[in-house]
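Please look through the sequence and the model shown here before reading on.

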Amino acid sequence: MCSPFVRKEANRFYWIVKGQLIPLSWSDKDVEGIYKSYMERIWGNHEAIVHESGFTKAWAAREAELWDRERRTVAVLGYNKKNVRN
């Protein structure tokens with residue numbers, strides 16, 4: 001499993017090169033591959049920062065989406081109203 005840092009940086013590199021975030025359906029292995037190959041691709045390219053605009057907002061939206069997905073799959077603590085005794 002790739003770390004949150006690698007996932008974010010891979011998405012940032014992908015954004016710089018392709019102008020979009022990595023699809024959610026891609027595996028951790030694919031994300032790590034993007035991180036390694038795109039790091040080499042943009043290393044030393046001082047103009048790459050120009051293409052980074054919009055990433056922060058897009059990444060914040062992606063994190064919110066991932067958080068919402070995770071929250072829906074986590075068990076809700078509490079009692080079912082049908083099983084509560086008065």
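## Salt bridges and the fold around them

The count of salt bridges comes to five, where a salt bridge is a side-chain nitrogen of Lys or Arg within 4 Å of a carboxyl oxygen of Asp or Glu. The model is a predicted one, in which local features need pLDDT of at least 70 and side-chain atom pairs count only at pLDDT 80 or more, whereas totals for chains, interfaces and linings use all residues. Residues are numbered from 1 along each chain as its sequence is written, and side-chain values use heavy atoms, with hydrogens and water left out.

**Overall make-up**

- The protein has three helices and zero strands, and from the N terminus on its elements run α-α-α; helices (H or I, at least four residues) and strands (E, at least two) are DSSP runs, numbered from the N terminus.
- Of the 86 residues of the protein, 26% count as buried, with buried meaning under 20% relative accessible area, exposed over 50%, and partly exposed in between (1.4 Å probe, protein chains only).
- Among contacts between residues at least 6 apart in sequence, 70% join residues at least 24 apart, a contact being heavy atoms within 4.5 Å.
- The accessible surface of the protein comes to about 7,100 Å², of which 54% belongs to carbon and sulfur atoms; accessible areas come from the Shrake-Rupley method with a 1.4 Å probe, and for residues only the protein chains shown count as cover.

**Charged pairs**

- Side chains of opposite charge can pair when their charged atoms come close.
- D28 and R7 meet through their side chains in a salt bridge, at 2.2 Å from N to O. Because D28 lies in helix α2 and R7 in helix α1, this pair ties together parts that are 21 residues apart in sequence.
- D28 is partly exposed, with a relative accessible area of 26%, and R7 is partly exposed as well, with 25%.
- A salt bridge also joins the side chains of E52 and R12, at 3.3 Å from N to O. This pair links distant parts of the chain, since E52 is in the loop between α2 and α3 and R12 is in helix α1, 40 residues apart.
- Both E52 and R12 are buried.
- The side chains of R69 and E65 form a salt bridge at 3.8 Å, N to O. These two residues are separated by about one helical turn, because R69 and E65 are four residues apart in helix α3.
- R69 is partly exposed, with a relative accessible area of 43%, and E65 counts as partly exposed at 34% relative accessibility. Salt bridges that share partners join E9, R12 and E52 into one network.

**Helix α1 and residue N11**

- The 15 residues of α1 should span 21 Å at 1.5 Å a residue, and this agrees with its end C-alpha atoms, which are 20 Å apart; the expected span of a helix is 1.5 Å times one less than its number of residues.
- Buried residues of α1 include V6, E9, A10, N11 and R12, and the buried residues of this helix pack against α2 (28–42) and α3 (55–73).
- N11 has its place in helix α1, which covers residues 4–18, and N11 counts as buried because its relative accessibility is 2%.
- Leaving aside residues up to four places away in sequence, N11 touches Q20, L21, I22, F55, W59 and R62.
- G19 follows α1 and has a positive phi, near 80°.

**Nonpolar cores and the C2 region**

- The largest nonpolar core has twelve residues in all, including C2, V6, F13, V31 and A48; a nonpolar core is a set of buried Ala, Val, Leu, Ile, Met, Phe, Trp, Tyr and Cys residues joined through side-chain atoms within 4.5 Å.
- C2 touches R7, D28, V31 and E32, not counting residues up to four places away in sequence.
- K29 lies in helix α2 and counts as exposed, at 69% relative accessibility. K29 and C2 are 27 residues apart in sequence and 7.7 Å apart in space, C-alpha to C-alpha.
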